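User: I would like to learn how to read the features of a protein model one at a time, with the general idea before the particular case. Could you take me through this one?

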Amino acid sequence: MNKKKYYTYLLLTDRNTYYCGYTDDIEHRYIKHILGTGAKYTRANKPKSIAYLAEFNTKSEAMKEECRIKRLTRKAKDELVKAFKNVRLRRLIKSILLEVQELQCA
């Protein structure tokens, strides 16, 4: 039985800023951000990539991590991104980015 997972993510934008959010479907949410329907901030600051991704078993945990990250300084967010080494989640990000690229070319 596959248990629902929740994600906290940091997007790197075309203006070199970060956008932080949480979701239960990271692929769908990223596509919405790319299309400009995900959040007001990402309509004006187009996402370039998913810079950081964390996985949780509950919505509450993901929301708490989102709040924690939003309180971080830019330097601390940069360090969080630099330290992000989870191979499985990095592969997930890569597959999402490739799928979005294919959708944009179609």
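Analyst: Let us begin with burial: a residue is called buried under 20% relative accessible area, exposed over 50%, and partly exposed in between, using a 1.4 Å probe and protein chains only. At 6% relative accessibility, phenylalanine 84 counts as buried. This is a predicted model, in which local features need pLDDT of at least 70 and side-chain atom pairs count only at pLDDT 80 or more, while totals for chains, interfaces and linings use all residues. Residues are numbered from 1 along each chain as its sequence is written, and side-chain values use heavy atoms, with hydrogens and water left out.

User: How should I read the sheet, and in what order do its strands lie?

Analyst: Strands of a sheet pair through backbone hydrogen bonds, either parallel or antiparallel. Helices (H or I, at least four residues) and strands (E, at least two) are DSSP runs numbered from the N terminus, and two strands pair if DSSP finds at least two bridges between them. Here three strands form an open sheet in the order 2-1-3, with antiparallel pairing. Strand 2 and strand 3 are the edge strands, each pairing on one side only. Ignoring direction, neighbouring strands of this sheet are turned by 20° against each other on average; axes are lines fitted to C-alpha atoms, for helices over the stretch in contact, and angles run from 0 to 180 degrees between N-to-C directions.

User: How many bridges join strand 1 to strand 2, and which residue is the bridge partner of threonine 13 in strand 3?

Analyst: Strand 1 is joined to strand 2 (residues 18-23) by six bridges, and threonine 8 has tyrosine 22 as its bridge partner there, while tyrosine 9 stands opposite glycine 21. The hairpin of these two strands has four residues between the strands, and asparagine 16 takes a positive phi near 60° in it. Towards strand 3 (residues 47-56), strand 1 pairs in the antiparallel sense over eight bridges, with proline 47 as the partner of threonine 13.

User: Which way do the side chains of strand 1 point?

Analyst: In a regular strand the side chains alternate between the two faces of the sheet. In strand 1, Tyr6, Thr8, Leu10 and Leu12 point one way, whereas Tyr7, Tyr9, Leu11 and Thr13 point the other way, and all are buried. Because eight of the eight residues of strand 1 (residues 6-13) are buried, this strand is largely enclosed by the rest of the structure.

User: What does leucine 10 touch, and which residues touch the most other members of the largest nonpolar core?

Analyst: Contact means heavy atoms within 4.5 Å. Not counting residues up to four places away in sequence, leucine 10 touches a set of residues including Tyr18, Cys20, Ile50, Tyr52, Ile69, Leu80 and Val81. A nonpolar core is a set of buried Ala, Val, Leu, Ile, Met, Phe, Trp, Tyr and Cys residues joined through side-chain atoms within 4.5 Å. The largest such core has 27 residues, of which Tyr9, Leu10, Ile26, Ile50, Tyr52 and Leu53 touch the most other members. Strand 1, strand 2, helix 1 (26-35), strand 3, helix 3, helix 4 and helix 5 each supply at least two residues of this core.

User: How do I read the placement of a helix, and which residues of helix 4 are buried?

Analyst: Helix 4 lies across strand 1, strand 2 and strand 3, running at about 60° to strand 2. In helix 4 (residues 74-83) the buried residues are Lys77, Leu80 and Val81. Seen down the helix axis, they fall within an arc of 95°, so they line one face of helix 4; the arc is that of the directions from the helix axis to the C-beta atoms. On the other side of helix 4, Lys75, Lys82 and Ala83 are exposed. The cover over its buried residues includes strand 1, strand 2, strand 3 and helix 3 (59-70).

User: How many aromatic pairs does the structure hold?

Analyst: A pair of aromatic rings is described by the distance of the centres and the angle of the planes. Rings of Phe, Tyr and Trp (its six-membered ring) pair if their centres lie within 6.5 Å, and planes under 30 degrees apart count as stacked, over 60 as edge-to-face and the rest as tilted. The structure holds three aromatic pairs. Tyrosine 19 and tyrosine 41 form a stacked one, at 6.0 Å centre to centre and 20° between the planes. Tyrosine 19 lies in strand 2 and tyrosine 41 in helix 2 (residues 40-44), so the pair ties together parts that are 22 residues apart in sequence. Tyrosine 52 and phenylalanine 84 form an edge-to-face pair, at 5.3 Å centre to centre and 65° between the planes.
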